[in-house]
Amino acid sequence: MASRVFLVVLLFLLCTSLSFSLYEDQVGLMDWHQQYIGKVKHAVFHTQKTGRKRVVVSTEENVVASLDLRHGEIFWRHVLGTNDVVDGIDIALGKYIITLSSDGSILRAWNLPDGQMVWESFLQGSKHSKPLLLVLINLKVDKDNVILVSSKGCLHAVSSIDGEVLWRKDFTAESLEVQKVIQLHDSGKIYVVGFSGSSQFHVYKINALDGELLKHESATFSGGFVGEVALVSSDTLVALDATRTVLVTIVFKDGEIKFQETYISNLVGDTSGVAMILPSTLKGTFALKINTLMLFIRVAGEGKLEVVEKVDHATVVSDALSFSEDKQAFAVVQHGGNKIHLTVKQGDDWNSDLVKENIELDHLRGNVHKVFVNNYVRTDRSHGFRALIVMEDHSLLLVQQGKIVWNREDSLASIIDVTTSELPVEKDGVSVAKVEHNLFEWLKGHLLKLKGTLMLASPEDVVAIQAIRLKSSEKSKMTRDHNGFRKLLIVLTKAGKIFALHSGDGRVVWSLLLPSLRKSEACDNPTGLNVYQWQIPHHHVMDENPSVLVVGRCGFSSNAPGVLSFVDAYTGKELYSLDLAHSIVQVIPLPFTDSTEQRLHLLVDADRRVHLYPKTPEAKSTVEQEISNIYWYSVEADNGIIKGHVIKSKCIGKGADDFCYDTGNLWSIVFPSESEKIIATVTRKPNEVVHTQAKVSVDQDVMYKYISKNLLFVATVSPKASGAIGSVDPEESSLVAYLIDTVTGRVLHRMSHHGAQGPVHAVFSENWVVYHYFNLRAHRYEMSVIEIYDQSRAENKDVLKLILGKHNLTAPVSSYSRPEVVTKSQSYYFTHSVKALAVTLTAKGITSKQLLIGTIGDQVLALDKRFLDPRRSINPTQAEKEEGIIPLTDALPIIPQSYITHALKVEGLRGIITVPAKLESTTLVFSYGVDLFFTRLAPSRTYDSLTEDFSYALLLITIVVLVAAIFVTWVLSDKKELREKWR
Amino acid sequence: MKKNLSLFTLFFFLLLSSSLAFESDELLVDDDEFGLEGGQPQQQPQVRLAEPTSTTTRSTTTTRRRFSDSDSDSKIQFSLEHAFGDSDFVSAGTFSARLKTSSHGGQVRTLTKLRFSRNDLSEVEKENFEKLLQSDDFYRIRVPSNALSPPGRDYIISSVKARCLPREGLDEHFVIHMEGVNILAVNYGGLGACPYPRQLKLPSKWSFNSHTVLKNSEQAPRAPIFAEDTLGGEIGEGEVVQPPERSFWAKYWMYLIPLGLIIMNAVTQAMNMPEEQAAGQQGGQVHQSAAALPRGPNTAVRRR
């Protein structure tokens with residue numbers, strides 16, 4: 001009964017809601033969801049008696065997660081905010097995970113088994129300093145571990161039970177830069193060592209129980225320090241002097257501080273290059289990096305240094321791990337071909353190998369970046385070791401007994417850009433039949449479906465039906481489908497790795513760590529920027545593969561030289577790559593292709609010169625024909641200037657070749673720096689299709705949409721209001737929205753919202769733009785819509801004119817004509833703050849649009865564009881209602897059923913991509929953040945196709961039955977007629 | 001034409017009337033202002049369209065003294081410079097305007113009564129312009145970004161294909177977007193349409209016919225506020241408002257008509273042969289139950 005009531009309620013809700021929603025059994029049919037954590041920064045193992053063995057990691061995406069050591073699955077996971085960078089992680093009391101984040105100002109404890117937050121405390125301090133986290137191991141005060149945090153110029157001692165700050169010692173007066181906090185063995189005393197100024201060295205001996213200062217010593221070293229320190233033993237430090245040529249051994253025993261200098265050149269012959277002390281916790285040994293060379297140097301007694309081993313820079317050493325009473329171990333990972341060599345060595349003895357393993361990598365993962373080692377007891381009671389390895393491509397491997405137990409592709413947590421590619425066309429030679437069921441299976445499946453439709457199915461049947469639907473091989477085939485639902489999503493990640501994901505089930509079809517985006521001597525900090533469709537074969541679909549263009553640069557600044565890489569979209573092989581002499585600031589895909597169907601691209605460098613790719617004479621002649629019609633704009637957000645440019649002439653001077661053009665400034669818009677600051681710019685998607693140019697309103701009036709590909713939406717706020725929400729008075733804050741034509745630089749519309757503040761998220765489609773901001777006066781978020789209509793074609797309403805040909809509908813539209821536009825706008829309140837905003841795209845643009853709103857709760861909400869219609873009025877007339885105008889409300893509705901992510905969350909949501917399917921009613925939505933989510937949306941329902949669960953068998957049976965009935969009745973009537981005649 | 005004229009007269013009265021929301025000081029250089037305004041009546045409504053509300057309501061000018069800008073202390077000037085193609089910018093004219101300071105919770109300075117006087121084109125400039133027309137190149141102009149202390153942070157540059165300007169003379173149209181005394185942008189171009197294969201056409205008169213409009217930011221419409229509705233934001237809005245109650249007949253006509261037919265049928269049958277009445281009704285019931293048997297509308301459709 002209850003279920004019936006629920007059903008009725010559900011049905012009622014479905015009827016009332018105007019948007020699309022799912023049934024429970026449709027989850028997973030056309031959507032998939034994947035969870036990632038990002039590149040691991042810290043890991044702590046927890047292998048105590050708890051039944052499940054797990055490792056807790058913190059990552060560069062600010063995720064704290066607990067992973068299963070056996071399978072690599074996520075037990076629990078917390079995504080901290082984007083500004084809440086994790087500085088350290090540790091275990092306290094054997095049951096709490098302690099994380100220090102936000103530059104050492106937030107300390108949290110998470111319950112180990114389920115990830116619930118136990119407590120959180122905010123640490124105060126005035127100045128910035130290196131955050132350090134130390135959980136005192138042996139010191140138990142009433143079963144309490146004391147946590148020492150050095151941050152913000154202070155040393156805090158925090159109780160691990162409730163997060164209460166026990167005591168606090170302020171070092172700001174001494175301007176001490178704390179380098180290390182050292183726990184003395186088995187006593188409640190700690191050493192705090194650090195530098196003040198550049199050459200003063202301090203040692204504080206503090207009672208950890210009450211913060212009492214026991215002793216303070218300081219000494220001056222004339223050479224100065226650079227601030228890199230390695231702790232060798234509890235009373236010995238090694239530091240670098242200010243010139244980075246001398247290693248200083250600092251011994252602070254029994255109240256005196258001794259310095260001993262060793263020239264690096266004495267240890268290594270060749271010392272060209274900058275020396276760096278690498279952070280490590282090995283006992284008696286530290287690691288020094290000079291250029292590509294890594295040295296392990298042991299501190300013998302009396303501060304004498306001796307080199308233990310020289311290795312190349314690709315070698316990685318783990319932290320020390322104490323595995324039995326007094327023994328310590330650490331792991332060293334080295335590279336050799338496609339193998340990595342893992343060696344676990346004991347304590348201070350460099351030559352003892354506890355474990356030596358060679359692990360073969362299945363495919364290119366780059367260098368090892370980090371290794372964490374953990375011990376376990378083997379079945380024969382000896383010590384075994386396993387290692388968690390973080391690779392260059394951000395993947396995470398667990399290695400045990402010389403094998404990779406599991407791996408995680410965690411670079412998918414940091415997607416930079418997405419493009420799509422069609423799948424190969426089904427070829428005759430390739431049999432797809434093997435994935436189809438045989439006839440009996442097919443019939444059985446349809447019979448089950450039939451049962452389900454007729455409500456005759458038993459619970460087991462229902463389960464079987466669901467399994468069939470979910471497993472449907474149809475969706476994960478590697479060929480193009482008729483409806484265009486199956487595509488390859490090609491994603492570029494922060495690691496410089498490119499993945500092709502199948503849109504059917506989200507599996508990785510291929511992945512490639514781009515060699516051109518790897519760290520090398522020529523390119524120190526390669527960063528991926530964008531990925532574009534480079535070549536889409538139409539004429540030779542059967543025998544040519546599409547390819548994508550990956551754009552990157554060597555370094556973080558915009559004038560760093562660019563890198564181009566061309567990748568085959570089907571095989572994932574890099575075709576070729578180019579190291580450019582010029583930088584890349586902007587990439588303009590042109591609407592032209594050459595004879596091999598490569599798309600022409602213009603790359604703008606930091607000197608505002610334009611470079612044409614591909615560099616072929618054919619491409620050049622194509623561009624030069626259209627050169628006077630190529631315009632582009634640049635936004636200098638820091639300067640508050642938007643400029644328009646045009647190509648002028650061939651390059652002259654340095655780096656000039658035939659495919660390089662100089663440009664001229666065509667127009668500029670200068671925002672007054674004291675009152676406006678650019679915070680958002682949005683344009684239309686270049687591939688968007690508009691179906692109807694006119695909008696017929698209720699009174700049979702025609703409004704022509706102002707559809708220009710060259711419109712730019714710009715939002716500026718007063719500079720004071722660019723901070724956090726609430727940091728400014730409503731009187732002093734305002735937001736101005738602009739619509740700018742990017743060919744002529746005309747401001748078509750300008751509108752100011754007083755008392756409004758960013759952040760602004762906006763989406764531009766057809767002739768409207770929707771933007772989201774905060775209204776300080778109403779203390780709520782607001783969404784505004786601007787629709788822009790072309791007035792110059794408004795006279796085309798007259799039928800007579802149309803018949804006589806006196807209309808200007810066929811006249812070419814030019815940006816240089818004086819625009820006669822009218823705009824309509826309206827604002828509505830919206831409850832949520834927004835992380836991303838997108839709009840559905842369909843193949844022909846007929847289907848009505850939905851806004852896709854990435855909410856603060858990391859979900860994606862679909863909101864009908866009709867709610868954001870500026871023509872909504874309080875009491876729409878009957879005719880207006882028929883047109884679909886919704887009565888005016890002050891707030892936009894949030895209908896729970898219209899969350900397209902239904903029960904799931906896309907943690908750390910950063911972007912939403914929409915791709916039209918071939919089927920007009922349907923659009924594909926891919927949202928990414930730390931997680932990935934993909935689904936198919938039909939904003940106006942699937943009006944152009946039968947649903948998937950349509951029972952063809954039932955239709956067939958009905959036809960057969962009908963035909964049979966016709967024959968039977970025919971025979972019967974014949975007989976009856978005969979009988980009548982015989983009568 | 002009559003409509004146009006009446007529109008114009010209306011507009012004209014609006015211009016003369018004291019409390020106008022904006023100042024669109026159209027200074028038309030070549031001719032007597034009033035005469036020219038009268039001479040081109042069709043342009044005025046267009047200008048109206050382009051800037052529905054200009055200066056903010058804050059400005060409180062009441063009188064329009066067109067020819068006596070005698071307050072020299074509040075009068076400012078800034079120059080317009082132009083360039084032919086890639087040449088350097090040279091002075092081409094002067095904008096003059098009145099600076100109005102209103103203390104509206106702080107010093108708010110706005111420009112009003114913008115006038116523009118263009119220098120005559122020299123022979124060299126004419127030649128240059130003709131070259132531009134021949135090569136379909138850009139005619140570029142610039143103004144300072146700050147009217148008080150030129151050039152301000154940077155110049156505001158605007159360009160137009162030279163072939164878009166010539167008509168009778170050279171018609172140009174400026175829309176200057178202001179924020180206080182800062183100039184944000186200049187929409188510059190010819191008066192009419194300028195479709196792409198731009199035809200070469202030399203002007204008959206080598207002088208500029210300038211139209212200028214000053215524009216300030218307009219206020220965005222506020223979100224509607226319903227006092228009684230402020231709480232029900234989450235779900236309630238999604239529901240469609242119930243349609244008003246309809247009359248009994250409007251609601252149930254589809255049931256009433258068949259019922260009437262059945263009754264009429266029954267009555268006629270009863271009149272003709274009373275003994276067959278029961279059979280007829282039973283038949284009707286059988287039919288009804290048969291129609292009600294299939295579950296759900298889908299199966300009903302397929303059965304057909």
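**Figure 1. Helix α5(B) bends by about 60° at B:M254.** The structure shown is a predicted model, in which local features need pLDDT of at least 70 and side-chain atom pairs count only at pLDDT 80 or more, while totals for chains, interfaces and linings use all residues. Residues are numbered from 1 along each chain as its sequence is written, chains are lettered from A and ligands numbered from 1 in the order in which they are written, and side-chain values use heavy atoms, with hydrogens and water left out. Helix α5 of chain B comprises 25 residues, 248-272. From its first C-alpha to its last, this helix reaches 33 Å, close to the expected 36 Å, a span defined as 1.5 Å times one less than the number of residues. Helices (H or I, at least four residues) and strands (E, at least two) are DSSP runs, numbered from the N terminus.

**Figure 2. A:K620 forms a salt bridge with A:D658.** The closest N and O atoms are 4.0 Å apart. This pair links distant parts of the chain, 38 residues apart: A:K620 is in helix α5 (residues 617-625) of chain A, and A:D658 is in the loop between β47 (641-650) and β48 (660-670). A salt bridge is a side-chain nitrogen of Lys or Arg within 4 Å of a carboxyl oxygen of Asp or Glu. A:K620 is buried at 17% relative accessibility, whereas A:D658 is partly exposed at 45%. Buried means under 20% relative accessible area, exposed over 50%, and partly exposed in between (1.4 Å probe, protein chains only).

**Figure 3. A:R298 and A:E306 meet in a salt bridge through their side chains.** The N to O distance is 3.3 Å. A:R298 is partly exposed, at 27% relative accessibility, and A:E306 is partly exposed, at 35%.

**Figure 4. The side chains of A:D864 and A:R866 form a salt bridge.** Their N to O distance is 3.5 Å. A:D864 is buried, with 5% relative accessibility, while A:R866 is partly exposed, with 31%.

**Figure 5. A network of salt bridges links A:R365, A:D393, A:E409 and A:K497.** Over all chains, the structure holds 37 salt bridges.

**Figure 6. A:D461 lies in helix α4 (residues 459-471) of chain A.** A:D461 is buried, its relative accessible area being 15%. Apart from neighbours within four places in sequence, A:D461 is in contact (heavy atoms within 4.5 Å) with A:L448 and A:K451.

Technical notes: The bend at a residue is the angle between axes fitted to the seven residues ending there and the seven starting there.
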